[in-house]
Amino acid sequence: MKIISKSFTLIELIIAVLIIFLIVGLFILIIKPGDYFQNTRDSKRIDDLKKLETILDVLSLEDLNLEEGLSNNTIYISLPDSSPTCSSWISQLMILPQNWQYRCSS
């Protein structure tokens, strides 16, 4: 009498696991999770800027003297630069209105 084994061999299991890993790896390459996280962070930044704009609009409607704390018209940014006016970054930064300047960290 011949006994037929109905179980999987080790090679069959290894091949099945490799196929599953291959499918998961291709799926991860297709959905590009790095781009997804980058878009999420960008959306958060845009949302924060909109909230800040709303707050500034409300403050300007209340007729407060907002210029009081900004008497020196300087924007401080944390870009490393030996020049206090951020001369090496000036081409990459937003153009400021007259009488405004950037200050970088040294």
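Modeller: What follows is a walk through the chain, its helices, its salt bridges and its surface.

Colleague: Before that, what kind of model is it, and how are the residues numbered?

Modeller: This is a predicted model, in which local features need pLDDT of at least 70 and side-chain atom pairs count only at pLDDT 80 or more, while totals for chains, interfaces and linings use all residues. Residues are numbered from 1 along each chain as its sequence is written, and side-chain values use heavy atoms, with hydrogens and water left out.

Colleague: What is the mean pLDDT of the chain?

Modeller: The mean is 78, and 81% of the residues reach 70 or more, where pLDDT is the predictor's confidence in each residue, on a scale from 0 to 100.

Colleague: And where is confidence lowest, and where highest?

Modeller: Confidence is lowest in strand β1 (residues 74–80), at a mean of 74, and highest in α1, at 93.

Colleague: How many helices and strands are there?

Modeller: The chain has 2 helices and 2 strands, and from the N terminus on these elements run α-α-β-β. Helices (H or I, at least four residues) and strands (E, at least two) are DSSP runs, numbered from the N terminus.

Colleague: Let's take α1, then: how many residues does α1 have, and how far does α1 reach?

Modeller: Helix α1 has 22 residues and reaches 32 Å from its first C-alpha to its last, which is close to the 32 Å expected at 1.5 Å a residue; that expected span is 1.5 Å times one less than the number of residues in the helix.

Colleague: What comes just after α1?

Modeller: Just after α1 comes K32, which is found in the loop between α1 and α2 and has a phi near 45°, a positive value in a residue other than glycine. Most residues other than glycine have a negative phi.

Colleague: How accessible is K32?

Modeller: K32 counts as partly exposed because its relative accessibility is 48%, given that buried means under 20% relative accessible area, exposed over 50%, and partly exposed in between (1.4 Å probe, protein chains only).

Colleague: Changing topic, how many salt bridges does a search of the whole structure find?

Modeller: The search finds 3 salt bridges, a salt bridge being a side-chain nitrogen of Lys or Arg within 4 Å of a carboxyl oxygen of Asp or Glu. In one of them, the side chains of D42 and R45 meet at 2.9 Å, N to O; in another, those of D48 and K44 meet at 3.2 Å, N to O; and D47 forms a salt bridge with K51, the closest N and O atoms being 3.5 Å apart.

Colleague: Where do D42 and R45 lie?

Modeller: Both lie in helix α2 (residues 33–61), 3 residues apart, about one turn of the helix. D48 and K44 are separated by about one helical turn because they are 4 residues apart in helix α2, and D47 and K51, also in helix α2, are 4 residues apart and so separated by about one helical turn.

Colleague: Why does that spacing matter for which way residues point?

Modeller: An α-helix has 3.6 residues a turn, so residues three or four places apart point the same way.

Colleague: How accessible are D42 and R45, by relative area?

Modeller: D42 counts as partly exposed at 30% relative accessibility, and R45 is partly exposed too, with a relative accessible area of 48%.

Colleague: One last topic: is I30 buried or exposed?

Modeller: I30, whose place is in helix α1 (residues 10–31), is exposed because its relative accessible area is 66%.

Colleague: And how much of the 106 residues in the chain do buried residues make up?

Modeller: Buried residues make up 8% of the 106 residues in the chain.
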